[in-house]
Amino acid sequence: MSTAIYTLTSELHDEQAVSQVTQSFLGSLNIQYEMKGNDYADYGSHTLDLIYVRTGGTEGIFRKLLPTLQTQSGRPFYLLTSGKSNSLAASMEILSFLRQQKLRGEIIHGSADYIARRISLLEKAGEALQWLKGCRLGIIGEPSDWLISSSADKQQVNQSTGIQLIDIPMQELLDELKTTPLRTVEEKAPSEAIRQALPGANQIYDALKVLVARHQLQGLTIRCFDLLTAVRNTGCIALAKLNAQGIIAGCEGDVPAMLSMIIAQALTGVTGFQANPASINPETGEMLFAHCTIPLNMVERYELDTHFESGIGVGIRGYMKEGPVTIFKVAGDLSRYFVAEGTLIRNQAKADLCRTQQVIQLTDHRLASYFLTEPIGNHHIILPGHCQELIDIILQQLLS
């Protein structure tokens, strides 16, 4: 973690007095940082770059610096201020000027605890942005035919995040399956049909791991329904295991869902549960999400069943710990995103739905209208814990 603090100071103010305020203010935050002063030569090269507006009368200094700072960093400008010596007023004028230039920024001001917490969140987002650069995500096959809005702008994604989206023909996976041996599996089957399907389901997992290594992938999404006809099996176990190992693994070739999962992984260390709403109560904000696979490291226990739609192969019924959750989705062109917090109030196991089923109560029931008026596709990502603030920070930096 690397945080640098640069300063803006008016020559009209007494340096000794300003230095005393600086020492007291920064010391109260109890954070680790590298003080750069007014030398901006390496601005933009750290996990987090803060501009500490120490006094008023600094607006003109910042305006002269801005063209250089823009060439060194494409991130928002974070203006730290103690409020002493008219520094807050100057920060507001600077931020207003940035908005006029269509540039993003934020004033970090408040109690010492608030500032320290905000800086910690910004540092985590900065680390996530650095981690995303150079990540390679495979698209095995194309998005399923019914996902008519779930493609991505590869160029925009790469420009904004540094992520490379790699097209991999479905045939490459099918060819790999032909040479991947069946092996003894560890899972216990609840039925004869599942017992017979387990070796093939794990064979898909083994073949996908070969593709991950071959293409040097940090994640993938697969047109998994093609497996139903090609090999009479499903990718549900394979995706559950890969996600549990930190390898992004999404369903149905949904690229925006995969992008949402890798952002979630970078921020929280968990890829998330890719699911679609099965029912919504817009008056109460209670929602039911379901899908046939879930990362095995997200559940307290799980059961094996058949794949819901086809009745063949192996699906997973996972039971996640009840409590706080976050629902998240980013658009494939990074033009917008959705995030909402809620509570997982129960897991259920109805026979007429995809196998993993979660009933979630939105904290703000009014947000249920998003799913009925302006959804970003059908799949959304469910994460344990409340992490909306952290997601907001990184997405505000990534939005095109």
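How many aromatic pairs does the structure hold? In this predicted model, the structure holds 11 aromatic pairs. One of them joins Tyr 40 and Tyr 43, whose ring centres are 6.1 Å apart and whose planes meet at 45°, so the pair is classed as tilted. Both partners lie under cover: Tyr 40 is buried, with a relative accessible area of 7%, and Tyr 43 is likewise buried, at 3% relative accessibility. These two tyrosines also belong to one aromatic cluster, which is formed by Tyr 6, Tyr 40, Tyr 43, Phe 62 and Phe 77.

Another pair is made by Trp 146 and Phe 225. The centres of these rings are 5.0 Å apart and the planes stand at 85°, so the arrangement is edge-to-face. Trp 146 is placed in the loop between strand S6 (136-140) and helix H5 (154-161), and Phe 225 in the loop between strand S8 (219-222) and helix H8 (226-230); the pair therefore ties together parts that are 79 residues apart in sequence. Trp 146 is partly exposed, at 47% relative accessibility, and Phe 225 is also partly exposed, with a relative accessible area of 22%.

With regard to the overall fold, the secondary structure of the chain consists of 12 helices and 17 strands. The C-alpha trace spans about 85 × 45 × 35 Å along its principal axes. Of the 400 residues in the chain, 55% are buried. Among contacts with a separation of 6 or more, 75% are between residues 24 or more positions apart. The accessible surface of the chain amounts to about 17500 Å², and carbon and sulfur atoms contribute 48% of this area. The chain carries 33 positive and 41 negative side chains, with the centres of the two sets 2 Å apart.

Gln 358 counts as buried because its relative accessibility is 0%. Beyond its neighbours within four places in sequence, the contacts of Gln 358 include Phe 273, Met 287, Leu 288, Phe 289, Ile 294, Met 320, Leu 344 and Ile 382. Arg 346 and Asn 347 are also among the residues in contact with Gln 358.

The cysteines were examined next. A disulfide is a covalent bond between the sulfur atoms of two cysteines. With a cut-off of 2.5 Å between sulfur atoms, the count of disulfides is zero. Cys 236 is in no disulfide, and its nearest cysteine sulfur, that of Cys 292, is 5.3 Å away. Cys 236 is buried, with a relative accessible area of 8%. Cys 354 is in no disulfide either; the nearest cysteine sulfur again belongs to Cys 292, at 4.1 Å. Cys 354 counts as buried, at 10% relative accessibility.

Most residues other than glycine have a negative phi. Asn 30, by contrast, has a positive phi near 55°. This residue is found in the loop between helix H1 (15-29) and strand S2 (34-37), and Asn 30 is exposed, with a relative accessible area of 72%. Asn 86 also has a positive phi, of about 65°, although it is not a glycine. Asn 86 lies in the loop between strand S4 (77-80) and helix H3 (87-100) and counts as exposed at 58% relative accessibility.

Definitions and conventions: Residues numbered from 1 in each chain as written. Predicted model: local features only at pLDDT ≥ 70, side-chain atom pairs only at ≥ 80, totals over all residues. Heavy atoms only, no water. Helix = DSSP H or I, 4+ residues; strand = E, 2+ residues; numbered from the N terminus. Buried < 20%, exposed > 50% of the residue type's maximum accessible area, 1.4 Å probe, protein only. Contact = heavy atoms within 4.5 Å. Areas by Shrake-Rupley, 256 points an atom, 1.4 Å probe, with all protein chains shown as cover. Lys, Arg positive; Asp, Glu negative; His and termini not counted. Charge placed at Lys NZ, Arg CZ, Asp CG, Glu CD. Phe/Tyr/Trp six-rings, centres within 6.5 Å; stacked < 30°, edge-to-face > 60°.
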